[in-house]
Amino acid sequence: MSIFQELKKRNLIAQMSHEKEIQELLDGESIKFYVGFDATADSLHIGHLMQLITMKRLQQAGHYPIALLGTATTLIGDPTGKTDMRKMLTSEQIAHNAECFRAQMSGILDMSEGKAEIVKNGDWFADIKYLEFLRDIGKLFSVNKMLTAECFKSRLEKGLSFLEFNYMLLQSYDFLHLYREKGVKLQIGGDDQWSNILAGADLVRRAEQIGDRSNPQAFAMTFALLATREGKKMGKSEKGAVWLDPDKCSVYDFFQHFRNVDDADVINHLKMMTFVPLEQIEDMERTLQGVQLNQAKELLAFEMTKLVHGENEAVKARDAAKNVFSSGGEDVNMPTVNVTESEMGILTLLVAAGLCKSNREARTAVEQGAVSINREKVLDVNAVITVEPSVIVGKGKKNFIKVVR
């Protein structure tokens, strides 16, 4: 099976500028392609994983991925999908975040010599003069056309700053720079970036005066966002974003996020996000039903945890989950929270354990019968729990934390 066919069968491809030409590129010569990542936090999250996994697939097929860290574009902020302007970060914060991204990417992509590289757009934008940029690049963009782009529509009602309006030009210029300096022919990314990615491919054609719409030399492709069957975008848990940094999201919680996906979504997640052979996934799709789908969920959780944190950590998380969910089980690898008090009110304890964000949320959970201490349900919102030496606090059927005094 060709790499293009595999991308299609795994339900990954969303939109393409030129399907026939892109298929010929991916199934033929080895090409350079890139994906952009704005350094808005000090860790990647699972929303970025779709991009990294697709890069890894193409790399394994013989292509050369370039991860572009947006140390310049992060200073502006992408308006895509936002109703308000993004929080402004300092150059120092962005540089730190970019280095965190670099370390995490290096654990997923093969960064050995000649296999891939990571670049920062701050390295070329630092030398660009504004008036020259407007004259040479700005003239190639139509404001009327830009205003029809999805990335701007959600901001027009509340107000789109001129700063953010420049974002498309800068991201498009990234493609032009990489085309000129490194021979990059393809930009890929999440489908929410389609307007920006397509604008970059169009800029290459206009600026270089090469090809035309029927014979392009630069290409755009987006892949599907990770979503539930109902179309809800994935990426967050009850506790917030699912980060790749184990200090921000424990390996156990990372494992449990994928272990707890809905029955309706697990097969598609396996296709899109893992390297499990399609034949094996399709066999599971035909034969597994009801509680049997737990096998597929465990495989998904294990493969994703192995990819991000390594096989040893994946084994620990899987074993911990099995022990915790067995009758009264406990495991040294289950997530642990330390507290100073030997006795705590149940509402305070739920918040301290990170299972609820507020006393109000904790009260609702108790009243709904969703809270347990050492597997025993707690229904009294005024209950005082003896913590010393430790207790296992549960919320619902799947969230458990060991609290230690």
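In the predicted model, Val251, Phe254, Phe255, Phe258 and Arg259 of helix α12 are in contact (heavy atoms within 4.5 Å) with Asn294, Lys297, Glu298, Leu300, Ala301, Phe302, Met304, Thr305, Val308 and His309 of helix α15. The residues of this contact comprise nine nonpolar, three polar and three charged, where Ala, Val, Leu, Ile, Met, Phe, Trp, Tyr, Cys and Pro count as nonpolar, Asp, Glu, Lys and Arg as charged, and the others, Gly among them, as polar. Residues are numbered from 1 along each chain as its sequence is written. Local features need pLDDT of at least 70 and side-chain atom pairs pLDDT 80 or more, while totals for chains, interfaces and linings use all residues; side-chain values use heavy atoms, without hydrogens and water.

The axes of α12 (residues 251-259) and α15 (residues 293-309) come within 8 Å and cross at roughly 140°; axes are lines fitted to C-alpha atoms, for helices over the stretch in contact, with angles from 0 to 180 degrees between N-to-C directions. Helices are DSSP runs of H or I with at least four residues, and strands are runs of E with at least two, numbered from the N terminus.

Helix α13 (residues 263-273) also packs with α15, at an angle of about 40° and with the axes 9 Å apart. Asp263, Val266, His269, Leu270 and Met273 of α13 meet Leu293, Ala296, Lys297, Leu299, Leu300 and Met304 of α15. Eight nonpolar, one polar and two charged residues make up this contact.

Five strands form an open, mixed sheet in the order β9-β15-β14-β11-β12, pairing requiring at least two DSSP bridges between two strands. β9 (336-338) and β12 (376-377) each have a single partner strand, so one side of each lacks a neighbour in the sheet.
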